[in-house]
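Subject: Structure handover

Hello,

I am passing a structure on to you, with notes on what was found in it. Please read the notes next to the model.

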Amino acid sequence: MPVPPAEAPRNRMLVVALLFLSTLFSACDAHPARDARWSGGGTPSPVSSPSASGPGGTALQGSGPPSAETYRDRLPAFGKAPPARPVTLTVADGGDVPWISRVPTDQPVAFVTIDDGWVKHPEAAELLREAHVPVTLFLTVNAVSDNPAYFKKLQDIGAVIEAHTITHTILSGKSYVFQKDEICGSADQLGALYGRRPTLFRPPGGIEDATTLRAVRDCGMKAAFFWKESVNQGNVWYQEVKAIQPGDVILMHFRAQFVEDFIAALRAIKAAGLTPAQLEDYFP
């Protein structure tokens, strides 16, 4: 199915208001940078997933990972995702890359994406290994540089690494040269670290402008991504109806609540009758 050229972002005032709200929700993050959660298209609604937390509603953050049996009791089971039907990128000659929050597909799939890398949760690798689902990591170079091996382990489990700038600076309004340096530089450095140069990009905060999309194109990447749902502190936040739709891109972060967020995301996908799929398979 075709992806239309990028449209200008809407409801910027709503983005700013909800950026402030997300800051309140994310008070326990280890890094001061915050992501805007929504860009309009409906009032965002949270759905709690209390059973996605550990005993007493706390995160499972012991000195070592719990047994595989612990995760199997909490993780939903999925069948194999259907073979991907790649989308057609209908970008005019000389045009910018598409801006995507829902992949245009009628296949019963959704896409788990995880941003930044500031918090390196000790149980993430075991959780991903036991979940047996594909994920995409939009990594910030400065967030991973203190421990690149942590993310190499996730890559070896099956995670695919994409670009999220060098410094996590909000790009909108910055010069073309500045944005291109952040975008190309992050792709180049992540490629050097992990053996594959990213082909997809997400701007920090999900905030872009026409210059961002032009720089993404000029850096050799195929598409830039927003999201339809986000997960924080075990809650799934919806832009539209309170159910994940086919093709939805779901946002979460490397946070102290990684276990709760990941399980909540998977349970929401399962409740919608969908299967996690690999984002890159739709943009080969």
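Buried here means under 20% relative accessible area, exposed means over 50%, and partly exposed is in between, with a 1.4 Å probe and protein chains only. Helices (H or I, at least four residues) and strands (E, at least two) are DSSP runs, numbered from the N terminus. With those terms, A124, A125, E126, L127, L128, E130 and A131 in helix 3 are buried.

This is a predicted model, in which local features need pLDDT of at least 70 and side-chain atom pairs count only at pLDDT 80 or more, while totals for chains, interfaces and linings use all residues. Residues are numbered from 1 along each chain as its sequence is written, and side-chain values use heavy atoms, with hydrogens and water left out.

Overall

The protein has eight helices and 13 strands. It has 284 residues, of which 54% count as buried. Contact means heavy atoms within 4.5 Å. Among contacts with a separation of 6 or more, 77% are between residues 24 or more positions apart.

Helix 3 and helix 5

Helix 3 is mostly covered, with seven of its eight residues buried. Helix 3 (residues 124–131) packs with helix 5 (residues 148–157) at an angle of about 5 degrees, and the two axes are 10 Å apart. That makes the two helices roughly parallel, a label for angles under 35 degrees; over 145 is roughly antiparallel, 65 to 115 roughly perpendicular, and the rest oblique. The axes are lines fitted to C-alpha atoms, for helices over the stretch in contact, and angles run from 0 to 180 degrees between N-to-C directions.

On the helix 3 side the contact is made by A124, A125, L128 and R129, and on the helix 5 side by Y150, K153, L154 and I157. These residues divide into six nonpolar, no polar and two charged. For that count, Ala, Val, Leu, Ile, Met, Phe, Trp, Tyr, Cys and Pro are nonpolar, Asp, Glu, Lys and Arg are charged, and the others, Gly among them, are polar. After helix 3 comes H132, whose phi is positive, near 55 degrees.

Salt bridges

Side chains of opposite charge can pair when their charged atoms come close. A salt bridge is counted when a side-chain nitrogen of Lys or Arg is within 4 Å of a carboxyl oxygen of Asp or Glu. The whole structure has 12 of them.

- D248 and R102 form a salt bridge, with the closest N and O atoms 2.5 Å apart. D248 lies in the loop between strand 11 (235–238) and strand 12 (249–253), and R102 in the loop between strand 4 and strand 5, so the pair ties together parts that are 146 residues apart in sequence. D248 is buried, with a relative accessible area of 0%, whereas R102 is partly exposed, with 28%.
- D115 and R202 meet through their side chains at 2.7 Å, N to O. D115 is in strand 5 and R202 is in the loop between strand 8 (200–201) and helix 7 (210–218), 87 residues apart. Both D115 and R202 are buried.
- K120 and D146 form a salt bridge at 3.0 Å, N to O. K120 lies in the loop between strand 5 and helix 3, and D146 in the loop between helix 4 (141–144) and helix 5, so the pair ties together parts 26 residues apart in sequence. D146 counts as exposed, at 60% relative accessibility.

Salt bridges that share partners also join R102, K228, E240 and D248 into one network.

Single residues

F225 lies in strand 9 (residues 223–225) and counts as buried, at 0% relative accessibility. F225 and V103 are 122 residues apart in sequence and 9.6 Å apart in space, C-alpha to C-alpha.

T105 is in the loop between strand 4 (99–100) and strand 5 (109–116), and at 11% relative accessibility T105 counts as buried. A polar atom of the T105 side chain lies 3.1 Å from the backbone nitrogen of Q107.

T199 is in the loop between helix 6 (176–194) and strand 8. Leaving aside neighbours within four places in sequence, T199 is in contact with E162, M221, K222 and A223.

Regards

Definitions and conventions:
A polar contact is a pair of N or O atoms within 3.5 Å; within protein, one must be able to donate a hydrogen and the other to accept it, and residues adjacent in sequence count only if both atoms are side-chain atoms.
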